[in-house]
There are 4 protein chains.
Amino acid sequence: MTGYRIDDGLVAEHNAVLEAELAADYEHLGAKLARSGRDIEAITAEVQRFKVAVPTWGVGTGGTRFGRFPGPGEPRNVFEKLEDCATIQQLVRCAPTVSPHFPWDRVEDVTELKERAQALGLGFDAVNSNTFQDQRGQKLSYKFGSLTHTDPAVRAQAVQHNIECIEIGRKLGSKALTVWIADGANFPGQQHLTKAFERYLDSMRQIYAALPEDWSVFLEHKLYEPAFYTTVIADWGSSYLAATALGPKALCLVDLGHHAPNVNIEQIVARLIQFEKLAGFHFNDSKYGDDDLDSGSIDPFRLFLVFHELVNAVVEQRPGFAPAYMMDQSHNVTDPIESLMSSAIALQRAYAKALLVDRDALSAYQESNDAIMALETLKRAFETDVGPILATARMRAGGAIDPLAVYRTSGYRARKDAERPQTPNLGGGIV
Amino acid sequence: MTGYRIDDGLVAEHNAVLEAELAADYEHLGAKLARSGRDIEAITAEVQRFKVAVPTWGVGTGGTRFGRFPGPGEPRNVFEKLEDCATIQQLVRCAPTVSPHFPWDRVEDVTELKERAQALGLGFDAVNSNTFQDQRGQKLSYKFGSLTHTDPAVRAQAVQHNIECIEIGRKLGSKALTVWIADGANFPGQQHLTKAFERYLDSMRQIYAALPEDWSVFLEHKLYEPAFYTTVIADWGSSYLAATALGPKALCLVDLGHHAPNVNIEQIVARLIQFEKLAGFHFNDSKYGDDDLDSGSIDPFRLFLVFHELVNAVVEQRPGFAPAYMMDQSHNVTDPIESLMSSAIALQRAYAKALLVDRDALSAYQESNDAIMALETLKRAFETDVGPILATARMRAGGAIDPLAVYRTSGYRARKDAERPQTPNLGGGIV
Amino acid sequence: MTGYRIDDGLVAEHNAVLEAELAADYEHLGAKLARSGRDIEAITAEVQRFKVAVPTWGVGTGGTRFGRFPGPGEPRNVFEKLEDCATIQQLVRCAPTVSPHFPWDRVEDVTELKERAQALGLGFDAVNSNTFQDQRGQKLSYKFGSLTHTDPAVRAQAVQHNIECIEIGRKLGSKALTVWIADGANFPGQQHLTKAFERYLDSMRQIYAALPEDWSVFLEHKLYEPAFYTTVIADWGSSYLAATALGPKALCLVDLGHHAPNVNIEQIVARLIQFEKLAGFHFNDSKYGDDDLDSGSIDPFRLFLVFHELVNAVVEQRPGFAPAYMMDQSHNVTDPIESLMSSAIALQRAYAKALLVDRDALSAYQESNDAIMALETLKRAFETDVGPILATARMRAGGAIDPLAVYRTSGYRARKDAERPQTPNLGGGIV
Amino acid sequence: MTGYRIDDGLVAEHNAVLEAELAADYEHLGAKLARSGRDIEAITAEVQRFKVAVPTWGVGTGGTRFGRFPGPGEPRNVFEKLEDCATIQQLVRCAPTVSPHFPWDRVEDVTELKERAQALGLGFDAVNSNTFQDQRGQKLSYKFGSLTHTDPAVRAQAVQHNIECIEIGRKLGSKALTVWIADGANFPGQQHLTKAFERYLDSMRQIYAALPEDWSVFLEHKLYEPAFYTTVIADWGSSYLAATALGPKALCLVDLGHHAPNVNIEQIVARLIQFEKLAGFHFNDSKYGDDDLDSGSIDPFRLFLVFHELVNAVVEQRPGFAPAYMMDQSHNVTDPIESLMSSAIALQRAYAKALLVDRDALSAYQESNDAIMALETLKRAFETDVGPILATARMRAGGAIDPLAVYRTSGYRARKDAERPQTPNLGGGIV
């Protein structure tokens with residue numbers, strides 16, 4: 001790997017300029033928090049422990065069925081994707097793992113892939129299978145489904161692909177397989193709703209049986225798209241039924257964009273925690289459907305409320321609580337690296353604010369049905385500008401106080417544009 | 001009971017006028033169905049077996065938080081409600097049971113209530129408890145919840161009320177208790193989402209323990225309203241978790257208007273059937289929220305698709321399938337009797353059409369992923385005008401070919417207006 | 001008026017305790033803003049100019065069609081409502097006007113009403129008519145519509161009521177009439193969609209003709225409820241058509257809760273500003289429908305984005321921009337005074353943050369399509385904790401640094417509970 | 001053109017088999033309608049006058065951002081597309097025009113294109129421009145907008161493209177240009193909402209100026225996708241503002257799938273008719289978003305209600321009413337020819353049922369606010385099985401009684417698969 005990397009010296013140089021002001025802000029915030037008995041150092045330490053995975057496909061430009069507008073210097077293979085992921089981690093220091101997608105990230109030599117990642121300081125999170133597209137040379141088509149197809153041969157092919165993903169993941173050091181299927185129907189009547197679910201369970205049981213002892217399988221539901229009348233795993237209810245039918249290694253993954261309009265997502269999260277079935281998250285934000293926008297860009301308060309449930313689970317020591325975090329966003333009009341850095345920070349921000357909630361006070365207000373003070377308690381935390389905590393956490397971990405500024409100054413994207421000559425790839429975007 | 005009843009002679013008189021045309025239509029439809037091997041008589045017989053309960057509160061005029069506009073001759077007590085229900089049954093012959101609501105329908109002498117109903121040819125379906133309102137003289141308020149209230153005394157009061165409902169229901173010959181609670185929160189933070197659900201389970205376990213051997217308890221979920229940020233039993237996922245935690249007598253009730261926008265309700269129905277947890281339905285229709293409009297008035301195809309799943313369950317002999325049917329509508333601008341008769345027929349219509357689906361053909365199209373022919377198969381059934389079947393079924397059972405016409409001719413409402421002098425009751429409507 | 005009022009000394013006492021910390025926070029925030037060339041004093045001064053009206057009905061407990069749970073010490077008439085409004089204004093100092101609703105606030109002597117308000121330091125904002133309910137003794141019913149009723153006599157009655165509201169408003173010093181009608185239909189076919197709109201325009205033209213020279217009429221749209229299939233003025237498009245047909249005094253009022261799911265409200269606001277038809281706002285928040293929750297309690301970022309458009313309009317000197325602001329919330333589980341104070345501050349907060357947006361930077365990012373930096377620019381403002389500005393603005397205007405704390409310490413509600421013996425009023429809530 | 005065409009003899013042969021039964025059904029339906037004074041022949045004649053355009057892109061397989069699954073024998077250019085369109089028209093006889101899309105359908109010789117179409121019996125409907133994608137060799141990118149781009153050079157390029165479309169359309173015999181732009185933003189702040197609309201109007205004015213005397217321009221709004229935070233022409237309100245600002249040749253196009261959840265589309269249609277701005281329709285159906293499903297496949301009653309407004313406009317002789325009809329669907333899992341034939345018939349069905357509505361009775365019920373009978377009047381028409389009318393209309397016009405059966409028997413698709421060897425084209429689908 002001979003590609004351009006940002007010099008740590010540039011980070012240090014940038015930080016040097018901003019450090020004094022940051023220190024002042026951090027000190028004032030510390031004093032303010034101290035008034036209500038909060039120790040800023042404890043919060044900062046906790047924020048430093050927060051980590052979120054980057055999906056390898058996230059560093060490419062996304063698109064819609066109407067078109068895709070590539071950006072300059074896009075990574076052309078998984079090795080270049082790792083390079084971009086490493087740059088993200090270098091600057092934000094909370095994204096040390098990547099989540100690969102097969103067959104997109106298929107390589108001849110898995111060991112080489114693992115070593116390259118290690119050399120870049122990266123590890124591997126959950127592996128993702130793909131049975132929602134046909135690949136060149138693929139024997140049977142997934143046009144009418146994969147794990148739930150009416151043809152047992154197609155199901156067998158899809159099961160086999162998932163088992164291969166587990167095999168690759170095992171070599172990479174992953175501990176989980178995420179399964180999202182697009183199976184469903186566009187027409188009433190097209191699919192027998194119950195039989196499709198039975199076939200799903202049957203296929204998943206075979207995949208489940210192939211899981212190593214210490215692995216989990218994450219079931220990801222999605223209300224619609226690409227299927228537009230019915231989707232086999234459309235909601236958390238179906239996901240929960242499946243996870244329960246499969247066994248303790250099967251857990252329910254929550255993608256923030258995969259719900260019906262208006263649904264209270266934090267409540268779903270609470271339910272899955274309570275019944276010990278929360279796998280983790282695919283983070284993003286949305287306004288209309290599964291928009292896959294940047295985390296916290298549309299409704300940061302909702303994101304905070306989700307993290308409030310997560311902190312609750314820790315504080316209350318809910319059994320089996322160990323969620324996996326990943327960003328799953330489609331970057332159509334931004335530099336993906338910039339979006340991912342900004343989104344990682346948005347997640348940390350939600351987490352830091354959730355940590356600030358005065359839980360004793362909140363509990364008392366809940367007990368006495370003091371709704372206005374309960375809300376005020378949440379808002380006091382939410383309205384706190386935790387920027388100094390996040391920047392300090394980054395800086396202390398070796399990252400940049402202002403990652404976007406360093407990144408732009410570095411000219412990374414232009415360098416990659418030169419390093420990575422592209423074959424034109426317009427058309428509908430895949431994410 | 002000395003109130004006015006429609007003379008069966010009037011029904012006969014009306015039928016006599018329409019009978020010949022109906023016979024011609026029935027005959028032609030029979031011939032048409034025979035071409036594809038369907039026996040109209042078998043369908044008609046099956047339609048005659050379909051029954052749906054009328055809720056006692058449904059025969060009063062509903063309203064919204066903005067106001068209520070009473071109609072003439074509204075029933076002033078449960079006995080007058082029974083009278084209206086009996087009139088519905090007299091004309092449509094598929095609504096032989098009523099579903100009472102307590103304390104609204106509380107009487108001194110439950111035996112008298114039962115006898116009056118029997119005298120009118122009516123039986124009792126599920127009993128409904130009410131812990132979403134405060135009643136005059138009630139000791140503790142449900143303002144901040146009932147079965148999930150933070151105060152154990154409020155929970156105990158709510159549990160006790162449900163147990164009383166079971167007691168009354170037992171005397172009336174009911175076999176099920178329907179529990180809908182409005183518990184939830186209007187503010188983020190107001191309620192501890194997990195603890196509220198734990199309290200719900202704890203309360204419900206006490207109610208469950210009081211169920212007679214041959215009884216069920218129906219858990220009714222609702223996405224929102226009157227709670228506007230979170231509702232404890234907001235979706236079928238939470239309902240299923242609760243029903244599973246409680247035991248085999250606990251089942252999930254589906255109210256067609258209690259879902260998030262765009263959600264595929266027939267799929268939820270299919271899932272609950274598959275996992276043997278479908279209690280039954282509260283039928284109505286909606287365009288925006290829980291509008292409680294007349295069944296089939298907004299989206300009759302969706303209603304047909306729900307019934308398609310129900311017929312599937314029968315044909316496929318899904319274990320434990322025995323759903324309870326009730327109409328749960330708010331009649332704000334119509335004569336409730338007219339709406340309920342028209343809605344009962346709309347349900348029969350959906351059922352009759354679902355019976356007409358060529359399931360063998362459909363199965364074959366599903367197996368071969370022939371989406372367009374699968375849809376065509378459903379539409380062929382849906383587009384069939386089954387009116388002659390429904391009218392014949394009614395007529396044969398002693399009902400009216402055109403119930404609305406007989407009802408209007410009878411002058412029933414004007415007679416009741418004279419019989420039932422009203423105390424004015426404007427203000428927000430309760431349904 | 002002999003009712004209890006909070007002593008200003010209590011406010012001063014409370015402020016004295018908090019003043020030093022506030023000063024420190026304010027100073028640090030000032031220094032931080034100064035780094036990017038922002039003058040905190042200018043912002044604070046601007047925040048002090050922000051005013052929002054309180055609707056008289058807002059100080060009573062709201063409800064839903066399922067029930068209403070009154071709180072203690074509710075005002076029993078418009079004079080007691082004024083008292084509560086004055087208390088809000090005393091503590092938050094940005095709510096100096098009230099918006100009355102007729103016939104709810106009808107009094108014998110309008111001059112007395114005006115004088116009582118003046119004595120309490122209150123003025124009158126827009127007057128609101130009510131043709132969505134029937135009142136005891138009302139000649140013709142609005143069950144099937146008011147301004148759009150098929151019966152010209154009902155329309156004439158509704159027009160006349162609106163003209164009376166203008167008359168009362170003129171005496172009170174109002175300058176605008178807000179017209180919201182519930183007219184619509186619950187059934188397809190019930191209403192001729194076009195003729196209903198023609199009748200609306202005809203009726204509104206008569207009301208428009210009665211407007212004094214310097215008055216406006218605000219047309220309020222609402223997607224649904226209480227009409228559940230179609231509403232005559234359902235969206236901003238219909239509202240705009242009507243306002244244009246009527247003339248320059250007719251403007252479109254935006255209630256934040258009256259839109260379809262997912263709709264981008266800030267864009268509607270921008271359009272109405274651009275075409276010089278924005279009347280102003282009914283502020284609240286919502287998650288599911290027209291939930292009427294406390295402003296900023298569900299999605300504070302959306303509220304900020306609305307205010308961002310409002311500040312844009314000022315900065316860009318959009319012609320005719322002079323919106324009227326009112327809170328329109330239903331307080332079902334809180335003390336209405338507490339909710340209204342908290343909500344008024346939430347609006348100030350959104351405004352203060354919108355003022356902080358670096359508009360020059362934003363413009364440059366918009367011109368160069370730098371989406372990520374455009375968002376960052378908004379978020380930098382949004383993430384700023386402007387609490388010290390708001391508290392300072394209140395304190396300088398004579399209000400409370402912590403209005404909720406002062407209010408609770410005062411025992412105001414308990415005093416009112418003693419002063420205002422209630423007639424029980426359960427049942428569906430009206431708001 | 002030497003491609004395979006279905007022999008008219010095959011159609012005749014098929015019809016011969018079905019004719020007798022059709023005649024019996026038609027006769028019985030005629031007798032039934034005659035009872036209420038309706039002349040079946042008049043209805044059939046009116047149905048024969050109904051025509052709907054087929055978009056050239058509709059005969060190719062669609063897809064989503066997740067993938068595209070091509071079908072066999074897809075047309076590879078506009079000439080092959082015409083061939084497929086001609087086959088549709090041959091069998092259904094209500095789709096005699098095509099709507100081309102540029103640059104997708106760009107040819108060297110426009111006259112040749114016109115002649116080929118004429119030879120196939122096809123004419124040209126509205127032409128469609130495309131500035132939502134980048135084409136190979138295109139000078140400036142539309143990544144950040146087209147007609148509203150901040151860069152005047154991009155706007156000029158987009159304007160120029162639209163003017164070229166008008167030029168081509170003029171040669172083809174079109175009379176309208178349809179403009180849909182994807183312009184918008186994915187991030188709050190990315191776009192200045194008002195300035196973007198100003199730029200839109202400025203660009204559109206240039207296009208408007210290039211319209212021939214007898215042309216119209218259709219403005220198509222869409223709530224979201226591909227832009228996910230804001231879209232410049234997002235709703236009918238914005239579309240109406242633009243059409244009004246541009247002048248009488250500018251009209252508002254309604255795509256049934258481009259609205260917010262729950263919105264009452266038939267009301268929007270009524271408003272646009274009333275204010276003489278309805279351009280016409282892009283027909284399809286949807287359950288979740290802009291799903292582009294087959295017309296009438298999800299909610300046939302809603303489609304009927306839209307057609308009810310259209311028939312109203314004719315009956316009431318609303319001025320300027322002359323809507324253009326087109327099917328705009330994405331066929332992802334069906335043979336596009338089959339879907340388009342089936343959808344064309346679904347539109348005819350909705351139209352025929354709308355014609356059957358007893359408008360005098362309905363008017364009387366509306367006047368007297370008889371909601372239940374108003375609904376019954378609509379349902380009586382909707383529940384009528386008009387299949388015999390549609391089939392007779394087709395047969396009389398030379399089409400097939402059962403178009404799907406003839407098409408399948410012909411082996412058309414397999415023949416085309418042989419005639420049209422494909423270059424593989426997986427990836428995201430464009431429609």
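Mentor: A salt bridge is a side-chain nitrogen of Lys or Arg within 4 Å of a carboxyl oxygen of Asp or Glu. By this rule, 128 salt bridges are counted over all chains. The model is a predicted one, in which local features need pLDDT of at least 70 and side-chain atom pairs count only at pLDDT 80 or more, while totals for chains, interfaces and linings use all residues. Residues are numbered from 1 along each chain as its sequence is written, chains are lettered from A and ligands numbered from 1 in the order in which they are written, and side-chain values use heavy atoms, with hydrogens and water left out.

Let us turn to the interface. Here 55 residues of chain D are in contact with 55 residues of chain C, contact meaning heavy atoms within 4.5 Å. Between them the two chains bury about 4,800 Å², of which 56% is on carbon and sulfur atoms; buried area is the accessible area (1.4 Å probe) that two parts lose on being put together, summed over both.

Side chains of opposite charge can pair when their charged atoms come close. Across the interface of chain D and chain C, the rule finds two salt bridges. One of them joins Glu198(C) to Arg318(D), with the closest N and O atoms 2.9 Å apart.

Which element supplies the largest share of the side of chain D that touches chain C? Several elements each supply at least two residues of that side, among them α6 (193-209), α9 (300-315) and α12 (371-383) of chain D. The largest share, seven residues, comes from α6(D). Helices (H or I, at least four residues) and strands (E, at least two) are DSSP runs, numbered from the N terminus. By class, this side of chain D has 26 nonpolar, 19 polar and ten charged residues. Ala, Val, Leu, Ile, Met, Phe, Trp, Tyr, Cys and Pro count as nonpolar, Asp, Glu, Lys and Arg as charged, and the others, Gly among them, as polar.

Finally, consider how the two copies are related. A rotation of 180° with 0.0 Å of shift along its axis superposes chain D on chain C, with an RMSD of 0.0 Å. That is the relation of a two-fold axis. In chain D, the C-alpha nearest this axis belongs to Gly237(D), 2.2 Å away from it. The same surface serves both copies, as 100% of the contact residues of chain D recur in chain C. The superposition is by least squares on the C-alpha atoms of residues with pLDDT of at least 70 in both copies.
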